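Visitor: I have the structure open and want a quick tour. Can we take it piece by piece?
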Amino acid sequence: MLVSSIKSFGKYCLFMTQVFRSPDKWKVFFQRLVLEISKLGVDSIPLVIIISLFIGAVITIQMTINIVSPLIPSYSTGLATREILLLEFSSSMMSLILAGKVGSNIASEIGTMRVTEQIDALDIMGINSANFIVLPKVIGFVLFVPVLCVLSMFMGLVGGWFIAEFTSMISVENYVFGIQSFFNEWYVWYGIIKTVVFAYIIASVAAYYGYYVKGGALEVGQASTKAVVSSSILILLADVILTKMLLQ
Amino acid sequence: MIEAKNVSKWFDGQQVLYDISATFDTGKTNLIIGQSGSGKTVFMKCLIGLLSPEVGEILYDGRKFRNMNAQEKKKLRMEIGMLFQGSALFDNETVLGNVMFPLKMFSPLSHEEQLERAHFCINRVGLVNADAKYPSEISGGMQKRVAIARAIALNPKYLFCDEPNSGLDPRTSILIDELLSDITHEYGMTTIINTHDMNSVLGIGEKIVFINKGHCDWIGNDRTIFRSTSQSLNDFVFASKLFQEVKVFLEREYEAGKEH
């Protein structure tokens, strides 16, 4: 198990040395980059909006129900909602969700290219297939993911605002005052930095599993599952390390 | 011309190719034939450079593939066209996009000239009104034609085809064979076709290399194949009753020709 993990890590590192090379044609690279930003990033916006909106609302409800002590000010609900969203949900939880959507998309797309010999076709043409296929995906997703992170933070707060506006659980004034109180700008940067690292993990790990698929449609599905599981575990591990490094 | 000299290949300690030597002539359709699992695909991958033989040499017009540096290999790859068994067209590109792809990546031509070249290749393989279609929207035969058009877009010196007729009906198979043969003669390419389709063997086999259990058992052409004394080749080629009858008929013709 340990030996095979070390072997896989070595293979992954060698794969990355192939990926991070100068593209054969910059014009084609930028065309593909824009396409990948649209496919992996822009297409994820609806999912991010829906999930963040609902989770923001749920966090607000739970905070309101659980914070009942008269010693705790009522604006704490807004403050706690904001901190949870900024510190953990919009970066880590959202990345875990995106690992499912984007990771499986990348692994299955590249895996299908492998089993249908499209990657061999690129290699025979003398094109660095790893660089050509994977680099625009990794760069595109890493570049766009801060937008998704900030959008998730904002939509989560909007979800909480809906609860304040349309229920009697908390007043809008208290909620808005809460989300403005004791604001630490670094937490936003902390969330963005984490998301960028997680985006790299999602895109590169999924690409690795897709690129080395052997077999047919069944193996592509298995690679897709492995990609999501592995990147999720790595995201959790990286979360611990980054939190220790950035918040201590 | 492509030469294979004493090529041997092992996988995990098991030998799959045994000391194969063969020459593939320029301007001819060279066929590699053999049963499934005989090692012909491995041999072809060694010829292309996708696999590296442990023993032996591959020479492209006298240039040793093994001795080439990365830049020389890259340059050589631009001289190679490849037609895959499953066509290997890019799913997210249209027919025109697929044919334009090698031109966009490597050609110094302007966009208009690239378009002109792509249209020429598409017309050459007999495709009409298919430019804007995606691979999933066209038939298997049309996909093969697109793949051939893509393979010849950069005017390659060497064309490799891995089972070009697989999955095609007999009529379309013959059309694809004729197209490959015509293109080979027209552009003076060294074409190597990996096949076990007997129609191809008899139709376009200007040079035939028979691989059996990793050994090169016989080298000849579509005329000499009927007079071969190789038992393994006869077992392979004349496995069906139809071809046994064809053999008898052609042998009679041959004998009659000798008498007169």
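Visitor: Start with the helices of chain A. Is the crossing of α4(A) past α7(A) left-handed or right-handed?
Guide: Right-handed. Keep in mind that this is a predicted model.

Visitor: Which residues make that contact?
Guide: From α4(A) come A:Ser76, A:Thr77, A:Gly78, A:Leu79, A:Thr81 and A:Arg82. From α7(A) come A:Asn174, A:Tyr175, A:Val176, A:Phe177, A:Gly178 and A:Ile179.

Visitor: And what classes are they?
Guide: Five are nonpolar, six are polar and one is charged.

Visitor: What's the angle between the two helices, and how far apart are the axes?
Guide: Helix α4 (residues 76-115) and helix α7 (residues 172-180) of chain A pack at about 45°. Their axes are 6 Å apart. That angle is why α4(A) counts as oblique to α7(A).

Visitor: Staying in chain A, where is A:Ile235?
Guide: In helix α9 of chain A, residues 217-247.

Visitor: Buried or exposed?
Guide: Buried, because A:Ile235 has 24 C-beta neighbours inside 10 Å. The cut-off for buried is 20 or more.

Visitor: Change of topic. How many residues does each chain put into the contact between A and B?
Guide: Chain B gives 14 and chain A gives 13.

Visitor: Which element gives the most on the chain B side?
Guide: α3(B), with three residues. At least two residues each come from α2 (70-77), β6 (80-83) and α3 (95-106) of chain B. By class, the side of chain B that touches chain A has ten nonpolar, one polar and three charged residues.

Visitor: Now the strands of chain B. What is the strand order in the open sheet of four?
Guide: The order is β2-β1-β4-β5 in chain B, with antiparallel pairing. β2 (14-24) and β5 (63-64) of chain B are at the edges. Each has a single partner strand, so one side of each has no neighbour in the sheet.

Visitor: How many bridges join β1(B) and β4(B)?
Guide: Five, in the antiparallel sense, between β1 (residues 2-11) and β4 (residues 55-60) of chain B. B:Ile2 stands opposite B:Tyr60 of β4(B).

Visitor: Which strands does α1(B) lie across?
Guide: β1, β2 and β4 of chain B. Helix α1(B), residues 40-48, runs at about 120° to β1(B).

Visitor: What about β3(B)? How many of its residues are buried?
Guide: Five of five, across residues 29-33. Side chains in a regular strand alternate between the two faces of the sheet. In β3(B), B:Thr29, B:Leu31 and B:Ile33 are on one side, and B:Asn30 and B:Ile32 are on the other. Both faces are covered.

Visitor: Which strands does β3(B) pair with?
Guide: β8(B), residues 190-195, pairs with β3(B) in the parallel sense over five bridges. There, B:Asn30 stands opposite B:Ile192. β9(B), residues 207-212, also pairs with β3(B) in the parallel sense, over four bridges. In β9(B), B:Val209 is the bridge partner of B:Ile32.

Terms used. Residues numbered from 1 in each chain as written. Chains lettered and ligands numbered in written order. Predicted model: local features only at pLDDT ≥ 70, side-chain atom pairs only at ≥ 80, totals over all residues. Buried ≥ 20, exposed ≤ 12 C-beta atoms within 10 Å, placed from the backbone. Pairing = 2+ DSSP bridges. Axes fitted to C-alpha atoms, helices over the stretch in contact; angles between N-to-C directions. Parallel < 35°, antiparallel > 145°, perpendicular 65-115°, else oblique. Left-handed = near helix turned anticlockwise from the far one by under 90°. Contact = placed C-beta atoms within 7 Å. Nonpolar A, V, L, I, M, F, W, Y, C, P; charged D, E, K, R; others polar.
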